[in-house]
Amino acid sequence: MIRQARAARLVRGLLIAWFVLPVIPVVLWAFANRWPFPDRLPAQFGFDGVRTALRSDAAHALVVSTGLGLAVALLATPAGILAARALTTGKVFAPRLVQAVIFAPLVLPAFAVALGLDVLVLRLHISSTLAVVAILAVAALPYTTSVMRLAFGAYDVGYDEEARTLGASRWVVAVRVQLPLLAPAISGAAFLAFLVGWSDYVVTLLVGGGRLISLPIIVASFASGTGNHSVVALLSIVAVLPPLILLAVVARFRGRRGAQS
Amino acid sequence: MSTARVPGVSVTDLSRQYDNASRPALDGVTLEVAVGASMALLGPSGSGKSTALRLISGLDEPTRGTVRIGGRDVTATPAESRGVGMVFQRPLLFPHLSVLDNVAFAARAAGLSRRDSRRDAARYLDLVHVGDLADRSSAAISGGQAQRVAIARALAAKPAVLLLDEPFSALDSVLRTEMYRLLREIRAEVDPTIVMVTHDQAEAVAVADRIAVLIDGALEHESDLATAYSRPSTLAVHRLMGGLTEVAGTVAQGAHHSDLGSLPIPADCPISEGPGVLVLRHESVSICLAHDATISAAVVAIEAAGVRRRITVAVGAARVVVDLAPDIDVSSGSTVGLIIPPSARWVVQRL
């Protein structure tokens, strides 16, 4: 028992090190005004990076990325729920074909798709923001569908039947039984869809046509220049924080549900 | 607690044929359960008894036939509007709700406020003796407690008919006995019409006052408990009711003729002439000293049956199983007299 506990502690420690160690230089860079090679630590700490970030459109980009993530989650989550339900119950025409279409974004290179669709969007005079959201929602659909399919596969219809014999209409069953029982999976699917919108670069750049400035676009533009290490590091940390907070919220929610069930 | 009489249930020519199945799961079953009665649907696995319950509850649609509850044809009525309560083998308590809110579910679904529905639910939790678990998470209670809560939840919906689908088969024997007692208490208190599916004849006897036996989707027997034991309609029913003795022979002139000799049989036996199987209950036959009976038998096997012993005696090719009183002692190979009272005899068709 003691040996097992020690081994578990060791694995936990290694895992933490695996994730935390790469972050340390990034954090150091974020507050380093000067860090010449081959120094092991920054030669001068400071807030040059912060000042540069504040002068740029980073705050606006943060709002754009959040909006993009939320919009993609709002579209791809319900669509994934419906697609997964149809595929699980088998109430869909040509299920293999439908499945192939839904999961196609996983195998098609985003770059090629974005370039092709960019032309189409321009010719049809579709709003570039709308087009980016729509394309990213389609890109997120395989993830939401996959998560919800697993959830529906594991879902016990006995609960629905029991609820119906207790006088619950189909609507009441959906709201009072299915939704709460599937909530952990739905929140997981929404989180993944949010990440697709939040972290996208290629589609936002090509289809957005430079008008949609999200956080990854700003980070990439700084990264492509020279001498911007500190602002790139700072924005990278800013880009990681919201998903991490969201993940903690989702994990806590799922944990509570897990403990209840 | 309301003691209003609830309507009974009846099914006519009820049939269900599933796609790709070679024979119907349920085939032309006609059955009536009186108001306030408790009917056990007994049958082996795959006999269609759970299908029958799902058709009565409205969770499945019949291919043919009608379901009436309280005289009203509900065949086309959805499950949520039929007024049936169902308790499955698994308690299926909603994991996101507390014990109390599980029982309050029906009232909440009907639009009652949280407070009113909880107040009503608490009374039903008390009825099944788990009122102290009200605030617990439904995941934090034992299997027996969960099944009590499931029963309270079904009763709280004030169903016209309570359907029980092998609700105690996952419980150990001590808990099962407690649940039988609980069901008797519930019947005394709220008097619901009950249809209970089981494959266990002992359970059927413990909770029901009538038994219907389904074999391969067809209704083979329907009667009170005593008749089901002593006068089964078919050999399959005799076996399902735990009967152990079958003696092949022929019926002629009001008697069954076999190696046991010529034994007069009741006049209402379904076989009046020709081949027939004499079926006997091991509880209804007895042994005595060899010279005190007309039938002499050799003891060929002895086995323990609780505090009693169960012996098998042979008369020619015929084998008869007899339950012995605890104070009777016999040894294997000895010769005994076999007493088969006229009222214990019954003849059914060979399969």
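Modeller: Two residues are in contact if their C-beta atoms, placed from the backbone, lie within 7 Å. This is a predicted model, and the contact between its chains takes 21 residues from chain B and 18 residues from chain A.

Colleague: Which elements of chain B give two or more residues to the side that touches chain A?

Modeller: They are β6 (84-87) and α3 (105-109) of chain B.

Colleague: What makes up that side of chain B by class?

Modeller: The side of chain B that touches chain A has 14 nonpolar, 4 polar and 3 charged residues.

Colleague: How is each chain built, beginning with the helices and strands of chain A?

Modeller: Chain A has 12 helices and 2 strands. From the N terminus, its elements follow the order α-α-β-β-α-α-α-α-α-α-α-α-α-α. Its C-alpha trace spans about 70 × 65 × 30 Å along the principal axes. Chain B has 9 helices and 20 strands, and its C-alpha trace spans about 75 × 45 × 40 Å along the principal axes.

Colleague: What share of the residues in chain A is called buried, and what is the share in chain B?

Modeller: A residue is called buried if 20 or more other C-beta atoms lie within 10 Å of its own. By that criterion, buried residues are 34% of the 261 residues in chain A and 47% of the 351 residues in chain B.

Colleague: What share of the contacts in chain A joins residues at least 24 apart?

Modeller: Counting contacts between residues at least 6 apart in sequence, the share in chain A is 75%.

Colleague: Why is B:R136 called partly exposed?

Modeller: The class of partly exposed residues lies between the limits of 12 or fewer for exposed and 20 or more for buried. B:R136 has 15 other C-beta atoms within 10 Å, and is therefore partly exposed. This residue is found in the loop between α4 (114-127) and α5 of chain B.

Colleague: Which residues are in contact with B:R136, leaving aside its neighbours within four places in sequence?

Modeller: They are B:S98, B:V99 and B:I141. B:R136 and B:D101 are 35 residues apart in sequence, and their C-alpha atoms are 9.9 Å apart in space.

Colleague: What makes a group of residues a nonpolar core, and which members of the largest one touch the most others?

Modeller: The members must be buried nonpolar residues of the kinds Ala, Val, Leu, Ile, Met, Phe, Trp, Tyr or Cys, joined through C-beta atoms within 7 Å. The largest such core has 83 residues, of which B:L41, B:I56, B:V103, B:A152 and B:V195 touch the most other members. Helix α5 (residues 143-156) of chain B gives the largest share of this core, 8 residues. A second, separate core of 58 residues includes A:A71, A:A139, A:L206 and A:V219.

Colleague: What does B:L41 touch, not counting residues up to four places away in sequence?

Modeller: Among its partners are B:K49, B:A52, B:L53, B:V195 and B:L214.

Colleague: How do you know that strand β1 (residues 9-16) and strand β2 (residues 26-33) of chain B pair?

Modeller: Pairing requires at least two bridges between the strands. β1 and β2 of chain B have 5 bridges in the antiparallel sense, and therefore they pair. One bridge sets B:R16 against B:L26 in β2(B). β1(B) also pairs in the antiparallel sense over 5 bridges with strand β4 (residues 64-69) of chain B, where B:R68 is the bridge partner of B:S10.

Colleague: Why do β15 (286-288) and β18 (318-324) of chain B stand at the edges?

Modeller: Their open sheet of 5 strands has the order β15-β19-β16-β17-β18 (chain B), with antiparallel pairing. β15 and β18 of chain B each have a single partner strand, so one side of each is left without a neighbour in the sheet. The twist here averages 50 degrees from one strand to the next. β15(B) and strand β19 (residues 335-339) of chain B run antiparallel and are joined by 3 bridges, with B:I339 as the bridge partner of B:S286.

Technical notes: Residues numbered from 1 in each chain as written. Chains lettered and ligands numbered in written order. Predicted model: local features only at pLDDT ≥ 70, side-chain atom pairs only at ≥ 80, totals over all residues. Helix = DSSP H or I, 4+ residues; strand = E, 2+ residues; numbered from the N terminus. Nonpolar A, V, L, I, M, F, W, Y, C, P; charged D, E, K, R; others polar. Axes fitted to C-alpha atoms, helices over the stretch in contact; angles between N-to-C directions.
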